[in-house]
2 protein chains.
Amino acid sequence: MNGVGAHEIVIESNDHAIDFPDLQDKRAEDVVWAFRDRIMDLKKDPSFEYILVFKNSGAAAGASIQHTHSQLIATPMVPIRVKQKMRGAEEYYEQRGRSIFADFIRAEKEKKVRVVEENDDFIAIAPFASRFPFEMWVLPKNLVSHYEGMETRHYHSLAGIMKSVLGRMNKVLDFPSYNFLIHNAPLKSASLSYFTWHIEIMPKLVQTAGFEWGTGFYINPVAPEDAARHMREVG
Amino acid sequence: MNGVGAHEIVIESNDHAIDFPDLQDKRAEDVVWAFRDRIMDLKKDPSFEYILVFKNSGAAAGASIQHTHSQLIATPMVPIRVKQKMRGAEEYYEQRGRSIFADFIRAEKEKKVRVVEENDDFIAIAPFASRFPFEMWVLPKNLVSHYEGMETRHYHSLAGIMKSVLGRMNKVLDFPSYNFLIHNAPLKSASLSYFTWHIEIMPKLVQTAGFEWGTGFYINPVAPEDAARHMREVG
């Protein structure tokens, strides 16, 4: 393993202060396409094993640049947290013969209480074991493992639901600082039936403190069912 | 597993605004004894498997009470992060027949560059793989696995080095918000030769952001050698 990496900034707009949900539809679509295009290009460098796409918005979420932007970091190894997620999904698949993501989406659609919103291609959920208040996950209904492997029409659909969900968040929580990140399969892995790429959105409302650092457990004062209901109620 | 737990607050002083390093020696010693006494008492309840002792100081470190205090949380299971640490230490011991903590302390004492301070019984180190700027670990030289299993005279010595190290931190970083937490062996485990209890101190200078959440890797702009040197230089 060498220490080579890449770090890129995606400038989302020429408007300095605009947040993602207020971008024009075409502009938001350009952003999610830019993620794909940059992944495809960086992928040509064989020293990269993983690319994390993420957004830090607001100082409390660690943003050091004010202008609306998101980021890609390419790493020469698969990160430990990604390995853990992949292994968990793989074990579930081996034991039950089904994708945990398929089961998760099916169960949430039946119960409905934690669903924030869905369109033809994506569903946004306040997950059962949310670590943070108003944490949300956005998952594709077409269970592909790689973000860059999506069908063309799905990028349009993704831009739409991300604009909508982040817009709901801004209405309910009055423009909080937030992070989102794309959990993607490793660059060099084949298409995987046990893993589905997805986005985690984490509004930065509470501080991670001694208990969380010491245990890996998270104290979350807001039930995901309540979070989802508040998010659904704003239009 | 049931959901029963306990949460206790240790009031460190009747002075509202005093920080740990400014406590009188006897008072600081009372605090580290209180941790032991409360562990010994909570241990009588067989439903508890682990007790985390920690301190959140300042709003940025997640403190919701201003008055100087620390906390204990007893949990009915061994937390995932503790299990991972224990497993890592056990594997090291199985492979090499030596404690990773013994090797760690020996190596750092030889190199000296990351040692902040030591007394007869404890050593404070800016660890090689610091996740956060000015992160510091305090380790007992007598390698016992359980905080509550220390010899009586060591509590005095621990209070002394904690006062001194946190005092250095306040001088170098101008009273930052910070967390510290005691990594202890599980309540019901026997005395373990592969694990040594220790304290992690984490000044809250940077935000954990998208990259850290997505990868489990930490971007730390301050080399631990520089952090240790700054800490040593203030008296």
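How many salt bridges does the rule find across the interface of chain B and chain A? The rule finds 0 there. The legends below describe this interface in a predicted model.

**View 1. The two copies and their axis.**

**View 2. The contact between chain B and chain A.** Chain B contributes 33 residues to the contact, and chain A contributes 33 residues. Together the chains bury about 2,700 Å² between them. Carbon and sulfur atoms account for 66% of this buried area.

**View 3. Polar contacts across the interface.** The rule finds 6 residue pairs in polar contact between chain B and chain A, with both residues of a pair at pLDDT 80 or more. By contrast, the count of salt bridges across this interface is 0.

**View 4. The side of chain B that touches chain A.** Three strands of chain B, β2 (50-57), β3 (69-75) and β7 (178-183), each supply at least two residues to this side. The helices α2 (80-96) and α5 (210-215) of chain B also supply at least two residues each. The most comes from α5(B), with 6 residues. By residue class, the side of chain B that touches chain A divides into 18 nonpolar, 12 polar and 3 charged residues.

Terms used: Residues are numbered from 1 along each chain as its sequence is written. Chains are lettered from A and ligands numbered from 1 in the order in which they are written. This is a predicted model: local features need pLDDT of at least 70, side-chain atom pairs count only at pLDDT 80 or more; totals for chains, interfaces and linings use all residues. Side-chain values use heavy atoms; hydrogens and water are left out. Contact means heavy atoms within 4.5 Å. Buried area is the accessible area (1.4 Å probe) that two parts lose on being put together, summed over both. A salt bridge is a side-chain nitrogen of Lys or Arg within 4 Å of a carboxyl oxygen of Asp or Glu. A polar contact is a pair of N or O atoms within 3.5 Å; within protein, one must be able to donate a hydrogen and the other to accept it, and residues adjacent in sequence count only if both atoms are side-chain atoms. Helices (H or I, at least four residues) and strands (E, at least two) are DSSP runs, numbered from the N terminus. Ala, Val, Leu, Ile, Met, Phe, Trp, Tyr, Cys and Pro count as nonpolar, Asp, Glu, Lys and Arg as charged, and the others, Gly among them, as polar.
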